[in-house]
Amino acid sequence: MLKRILLPSILIILSYGFWVSPDFKEIAAGVSIFLFGMLFLEEGFKAFTGGMLEKLLQKTTDKTWKSLLFGVVSTSIMQSSSLVSVITISFISAGLVSLVAGIGIIFGANIGTTTGAWLVAAFGLKVKISAYAMPMLVFGIVLSFQKSRYLKGAGAVLAGLGFLFLGIHYMKEGFEAFKDSFDLASLAVGGYPGLFLFAAIGAAATVVMQSSHATLVLILTALAASQITYENGLALAIGANVGTTITAIIGSLSANVQGKRLAGAHLIFNVVTGVIAIAFISQFIWAVDIVSGKVGIAADNYTMKLAVFHTLFNLTGVLVMVPLIQRLADLLVKSLPEKSKDLAEPLYLNDAAIEFPETVLKALKMEVWNLFDSAFEIMAHGINLHRTEILTSPDLEKTIDNDREVHEFDMDELYESKVKVLYSAIVHFISNSQAHMSSDFSEEMFRLRKAAGEIVECVKHIKHLRKNATRYMLSDNEHIRDEYNRLRYQIAMILREIYRLRGDKDIDHAIAILEMDELKAEIQSAHAGLDVRVTGILRDDRITPTMATSLLNDFNYVDETSRHLLDTAQALLVSHTDLVAEAAQEVVLDEDEIEKASAA
Amino acid sequence: MKFTKLVNKFEKLVKKYEKGVSIETEKLTKLQQLLSDKRDRYQASLNTTEDAGKRKKLETKLRVVNAQLEKSKKL
């Protein structure tokens with residue numbers, strides 16, 4: 001009920017907001033463009049999975065100190081810890097880096113961002129990367145029209161960054177209206193309450209301005225005008241550090257659970273660091289004075305002292321948190337769990353059905369179809385296709401050739417939770433009901449159990465096929481890619497045909513059963529064609545011998561899967577009430593007959 | 001339990017009686033008719049198709065249907 005009213009409520013609230021406030025409209029558009037950028041960025045990085053970037057990231061982030069350094073260097077170059085955070089979120093969502101490495105990068109980014117304070121303090125400038133948003137968008141879109149996967153990927157990354165900046169720009173513009181409402185002098189409070197209050201103001205100001213650097217400039221101006229005390233200024237800087245995490249949190253909205261965990265790590269790190277800095281503010285002030293004295297910063301040069309403070313408290317935060325990285329990761333995994341994959345439950349098997357042979361068979365058959373449906377989805381994803389693509393694409397072959405999206409999912413887990421559970425329930429149900437059945441019905445039950453077993457085998461075969469099918473689907477070698485796409489097509493085509501023949505009320509079941517033989521013969525012909533093609537392209541050095549052996553091995557999986565699927569469908573389409581369909585079962589061709597019919 | 005077995009046996013006997021020879025023949029004739037219709041459709045498509053790939057597929061289908069028809073006649 002709540003779910004049903006949630007979306008309309010959000011849409012109504014948004015519409016009302018757009019109507020009453022143009023600023024709100026700008027902020028909401030900014031958030032949307034930002035999230036759109038995140039999606040682009042993630043897609044872009046996915047194009048590089050399995051290649052150079054993955055290796056580079058793995059090498060540069062395989063140890064905590066390396067990921068810290070990566071964060072420091074990248075943030076120093078980009079001058080935005082928020083941007084490094086959102087990019088890391090997209091790395092993590094694309095499976096390019098681990099959560100622990102991602103947390104390391106975030107910690108490093110917090111040190112890297114302090115270089116900005118030094119730049120602002122020393123030169124009064126900051127690198128304005130947002131000026132590149134428009135060119136990035138243009139170059140990104142141009143590149144995304146290219147054929148090469150890597151160029152497309154680079155285009156998506158550039159366009160993603162462009163959209164991110166554009167989104168931030170709109171958010172800033174929208175919040176501009178609220179900027180002048182900060183009258184810091186009127187809020188001056190002494191002691192810890194004042195520190196917490198100014199930290200909160202710093203966080204709010206950074207959220208509003210979408211830049212901790214901008215908040216830093218605001219603090220310096222207020223300090224110079226004696227609107228706030230030095231201590232309050234430090235609290236504002238602490239708050240700015242916390243406020244900067246909002247960009248990462250917004251970015252994680254479109255990310256998977258790993259991305260959300262990383263945003264959580266960012267928030268926890270910045271809050272903990274902030275709390276430490278506030279709790280030990282006197283010690284920090286003392287340390288800042290010591291360091292400033294050593295490096296020759298004048299006692300009243302608050303600008304530089306603020307930079308020292310910013311660096312010191314972030315360094316302290318990293319020193320405190322680095323030994324806890326693994327614990328932090330464990331905590332986040334525990335508190336933000338993957339959505340638990342519900343165990344599939346049998347839909348038609350119940351004790352009431354056991355008493356009557358006809359109902360046993362009917363329930364069993366429907367349950368095996370239910371198992372087939374579950375297996376269909378897993379197999380579709382196993383060959384990196386969506387179920388709807390298989391069922392609705394007007395040109396399946398073309399769809400498969402063009403679709404290079406890798407479906408990230410745990411096939412073992414789905415097998416356990418969706419297939420094995422149902423299969424076990426079917427086997428259990430059969431053993432319980434056998435006592436009530438005559439030999440005729442027992443035979444039929446055995447046929448259905450065999451069909452269920454074959455479906456399970458199919459999922460296992462696709463699991464074996466998946467690794468190479470995914471690797472070669474992304475290969476730049478068009479010959480091996482085409483061959484693997486043919487294998488993907490064969491599975492998809494059979495799944496689609498079974499679905500069509502099962503669902504089409506106008507097709508006689510007898511005809512549907514016998515049509516499976518035609519598909520078997522077609523596959524048999526394809527087998528002969530494959531042998532000839534593989535020999536040819538191997539001889540011409542278009543594929544390596546390793547590729548050829550992988551292909552031949554995988555073809556056997558596909559071949560067996562195809563036969564199992566068609567046998568299963570033939571068994572499931574037979575009906576005791578449809579006598580012609582029952583007769584058709586007797587006319588179904590055996591392997592030799594199929595081979596004979598398929599030979600030209 | 002025994003009663004259920006008895007009922008099953010009775011059902012089986014009745015079913016056999018109900019099917020009878022005439023129905024057996026009738027369902028085979030109907031199946032053969034369906035297959036013949038299909039064979040004619042494939043043959044007609046083959047006569048009008050020039051695409052080599054499609055022709056090859058149709059020929060395979062036709063051979064399968066012919067084999068099925070032959071098998072049904074032996075039953």
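# Close-up views of a two-chain predicted model

**View 1. Chain A as a whole.** In chain A, 77% of the contacts with a separation of 6 or more join residues 24 or more positions apart; two residues are in contact if their C-beta atoms, placed from the backbone, lie within 7 Å. The model is predicted: local features need pLDDT of at least 70, side-chain atom pairs count only at pLDDT 80 or more, and totals for chains, interfaces and linings use all residues. Residues are numbered from 1 along each chain as its sequence is written, with chains lettered from A and ligands numbered from 1 in the order in which they are written. Chain A has 28 helices and zero strands; helices (H or I, at least four residues) and strands (E, at least two) are DSSP runs, numbered from the N terminus. Of its 600 residues, 45% count as buried. A residue is buried if 20 or more other C-beta atoms lie within 10 Å of its own, exposed if 12 or fewer, and partly exposed in between, again with C-beta atoms placed from the backbone.

**View 2. The contact between chain B and chain A.** Chain B contains two helices and zero strands, and buried residues make up 15% of its 75 residues. The contact takes 23 residues from chain A and 21 residues from chain B. On the side of chain B that touches chain A, helix H1 (2-48) and helix H2 (52-74) each supply at least two residues. H1(B) gives the largest share of that side, 11 residues. By class, the side of chain B that touches chain A has nine charged, seven nonpolar and five polar residues. Ala, Val, Leu, Ile, Met, Phe, Trp, Tyr, Cys and Pro count as nonpolar, Asp, Glu, Lys and Arg as charged, and the others, Gly among them, as polar.

**View 3. Helices H5 and H13 of chain A.** The axes of H5(A) (residues 81-93) and H13(A) (residues 245-252) come within 8 Å and cross at roughly 25 degrees. Axes are lines fitted to C-alpha atoms, for helices over the stretch in contact, and angles run from 0 to 180 degrees between N-to-C directions. H5(A) and H13(A) are therefore roughly parallel to each other; angles under 35 degrees count as roughly parallel, over 145 as roughly antiparallel, 65 to 115 as roughly perpendicular and the rest as oblique. Their crossing is right-handed, a term for a near helix turned clockwise from the far one by less than a right angle, with anticlockwise giving left-handed. Ser82(A), Ser85(A), Val86(A) and Ile89(A) in H5(A) meet Thr247(A), Ala248(A), Gly251(A) and Ser252(A) in H13(A). This contact has five polar, three nonpolar and no charged residues. H5(A) is mostly covered, with 13 of its 13 residues buried. At 1.5 Å a residue, the 13 residues of H5(A) should span 18 Å, which agrees with the 18 Å between its end C-alpha atoms; the expected span is 1.5 Å times one less than the number of residues.

**View 4. Helices H25 and H26 of chain A.** The axes of H25(A) (residues 509-539) and H26(A) (residues 545-573) come within 10 Å and cross at roughly 175 degrees. The two helices are therefore roughly antiparallel to each other. Residues of H25(A) in this contact include His509(A), Met516(A), Ile523(A) and Leu538(A), and those of H26(A) include Pro545(A), Phe555(A), Arg563(A) and Leu573(A). By class, the contact of H25(A) with H26(A) has 16 nonpolar, four polar and three charged residues. The 31 residues of H25(A) should span 45 Å at 1.5 Å a residue, and its end C-alpha atoms are 46 Å apart, which agrees.

**View 5. Two loop residues with positive phi.** Most residues other than glycine have a negative phi. Asp541(A) is not a glycine but has a positive phi of about 60 degrees. Asp541(A) is in the loop between H25 and H26 of chain A and is exposed, with 8 other C-beta atoms within 10 Å. Asn384(A), also not a glycine, has a positive phi of about 60 degrees. Asn384(A) lies in the loop between helix H19 (357-382) and helix H20 (387-392) of chain A. With 20 C-beta neighbours inside 10 Å, Asn384(A) counts as buried.

**View 6. The surroundings of Leu396(A).** Leu396(A) is in helix H21 (residues 396-402) of chain A. With 18 other C-beta atoms within 10 Å, Leu396(A) is partly exposed. Not counting residues up to four places away in sequence, Leu396(A) touches Ile390(A), Tyr489(A), Ala492(A), Met493(A) and Arg496(A). Leu396(A) and Arg496(A) are 100 residues apart along the chain, and their C-alpha atoms are separated by 9.6 Å.
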